[in-house]
Amino acid sequence: MPIEVIMPKLGQTMEHGTIIEWVKQEGDPVKRGDVLFTVESDKAVLEVESTANGFLRKVLVPEGQPVPVLTVVGLMTRHADEPLEGPGVVPAAAAAPPPAPEPEPATGMVPAEQAAADGGGPERIVASPRARKAARQQGVDLALLAGSGPGGRIVEQDVLSYVTARPRVTPVAANVARARGVDLAAVQGTGPGGRVTRADVEAVAPATAPAVVEEAVAPVAQPRAETAAMTGLRRIIAERMSASHQAVAEVTLVTEADATALVVVREQLKAAVAAEWGFAPGYNDLLGLIVARALREFPYMNARLAADGSAIERVPVVNLGMAVDTERGLLVPVIRGAGQKDLRALSTEFRTLAERARAGKSLPDDLTGGTFTITNLGMYDIDAFTPIVNLPEAAILGAGRIQQKPVVHDGAVVVRHMWTLSLSFDHRLVDGAPAARFLQRIKALVESPYLLL
């Protein structure tokens with residue numbers, strides 16, 4: 001009997017998943033705990049492990065296709081010679097691993113190549129046995145290689161050099177590249193971790209076609225725009241930002257806080273706790289603590305729109321989202337119960353969540369359930385900006401850089417550390433004056449951090 005491989009439900013809110021890569025291919029032996037495929041859900045990319053020993057017999061859902069959770073995406077058998085039955089399933093003989101190659105001719109050519117050398121069939125490819133073995137293991141088409149051995153013979157080093165220069169590619173992209181004669185080493189990957197996708201190969205293929213010369217006049221070269229498929233995380237971000245922009249009655253309030261006292265407090269904390277905690281708390285940590293305290297005092301800001309849009313839900317617990325810039329795009333890990341955490345606990349959890357996000361190892365529940373979001377662009381020398389509300393939350397706080405400015409303080413012009421804060425909120429859920437009071441409280445806590453005690 002075949003063993004069904006399903007799209008798992010990896011989080012409470014997960015409804016669909018997209019297979020990014022089949023790590024195991026049809027016919028591969030599989031051990032319990034081996035990674036079968038990687039899946040993207042919401043904004044997380046996770047590895048799915050096998051729960052049984054056997055062989056992967058049939059891939060039913062290709063890479064890049066989203067499917068509902070609990071969908072059967074593949075079939076396994078426990079034995080190499082066990083047949084599969086049923087619609088859409090190939091027999092075991094068709095899916096079994098290829099038989100061991102027969103002893104090679106002394107010329108270093110496979111039988112088809114030998115036939116070509118005898119005057120017919122495909123173009124002759126001369127390669128050493130070690131080169132052909134390496135090519136099979138690495139999935140390299142020998143026809144794409146130039147041999148460096150005697151008489152243009154392909155040697156093992158030619159294969160290894162090609163593999164080193166070649167980026168990671170999806171199986172579909174590799175097939176398309178072979179069919180169109182595209183050198184994968186020249187293709188810029190736009191998939192996760194720079195992985196080359198089918199869209200990347202197809203975008204390059206027309207540029208590699210031979211030029212057509214009419215009446216002996218060379219065509220004028222035209223600049224060609226680079227394209228990147230709107231897939232995966234980029235697609236999710238685009239959909240959510242577009243939905244927020246279209247649905248939310250967004251208003252942004254901007255204030256400037258005197259962060260001089262906060263800068264002093266941070267320097268004191270760095271000297272006092274860095275050795276014990278193993279890290280020095282940063283401004284994101286302090287701002288997270290301040291916002292969590294303010295949300296407890298102003299619960300109407302810790303709210304969200306009900307799924308059917310008919311009610312405003314005030315959430316009794318502060319689940320604070322902290323935006324993190326990653327190679328794959330913007331992710332927002334959520335610190336659950338932030339209103340009950342002290343600075344050390346909040347900072348420690350934020351670092352753990354941020355590290356998982358940057359490594360592409362976030363769990364689905366890491367990125368869902370937020371009630372308020374903070375996004376900080378100060379490290380990029382940004383003074384102020386208008387953040388977009390992260391639906392279904394009521395508001396988001398944007399922080400710019402802390403910079404020294406001449407300001408009037410106690411009747412004199414002095415240099416102080418000033419911090420611009422921008423609060424964007426959904427006017428359907430909160431009015432301007434209540435939102436302003438909330439931002440005013442955040443400013444007060446920034447300027448007088450002793451109020452947190």
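**Figure 1. The loop between β16 and β17.** Asp381 is found in the loop that connects β16 to β17, where helices (H or I, at least four residues) and strands (E, at least two) are DSSP runs numbered from the N terminus. The model is a predicted one, in which local features need pLDDT of at least 70 and side-chain atom pairs count only at pLDDT 80 or more, whereas totals for chains, interfaces and linings use all residues. Residues are numbered from 1 along each chain as its sequence is written, and side-chain values use heavy atoms, with hydrogens and water left out. Although Asp381 is not a glycine, its phi is positive, at about 65°. Asp381 counts as exposed because its relative accessibility is 53%; buried means under 20% relative accessible area, exposed over 50%, and partly exposed in between (1.4 Å probe, protein chains only). Pro392 is found in the loop between β16 and β17, and the peptide bond that joins Leu391 and Pro392 is cis, with omega about 5°.

Figure 2. Val408 has Val413 in β18 as its bridge partner. Asp410, found in the loop between β17 and β18, has a positive phi of about 55° although it is not a glycine. Asp410 counts as exposed because its relative accessibility is 74%.

Figure 3. In general, strands of a sheet pair through backbone hydrogen bonds, either parallel or antiparallel.

**Figure 4. The crossing of helices α8 and α9.** The axes of α8 (residues 260-277) and α9 (residues 283-297) come within 11 Å and cross at roughly 115°, where axes are lines fitted to C-alpha atoms, for helices over the stretch in contact, and angles run from 0 to 180 degrees between N-to-C directions. The crossing of α8 past α9 is right-handed; a crossing is left-handed if the near helix is turned anticlockwise from the far one by less than a right angle, and right-handed if clockwise. Leu262, Val263, Arg266 and Leu269 in α8 meet Tyr283, Leu286 and Ile290 in α9, contact meaning heavy atoms within 4.5 Å. By class, this contact has 6 nonpolar, no polar and 1 charged residues, with Ala, Val, Leu, Ile, Met, Phe, Trp, Tyr, Cys and Pro counted as nonpolar, Asp, Glu, Lys and Arg as charged, and the others, Gly among them, as polar.

**Figure 5. The open sheet of 4 strands.** The strands follow the order β1-β8-β6-β3, and the pairing is antiparallel. Because β1 (3-6) and β3 (29-30), at the edges, each have a single partner strand, one side of each is left without a neighbour in the sheet. Strand β6 (residues 54-59) pairs with β3 in the antiparallel sense over 2 bridges, and Pro29 stands opposite Phe55 in β6.

**Figure 6. The surroundings of Ala177.** Ala177 lies in helix α5 (residues 171-180) and counts as buried because its relative accessibility is 1%. Leaving aside residues up to four places away in sequence, Ala177 touches Val182, Leu184 and Val201. Ala177 and Glu202, which are 25 residues apart in sequence, lie 8.2 Å apart in space, C-alpha to C-alpha. As context for this view, 43% of the 453 residues of the protein count as buried, and its secondary structure comes to 11 helices and 18 strands.

Methods
Two strands pair if DSSP finds at least two bridges between them.
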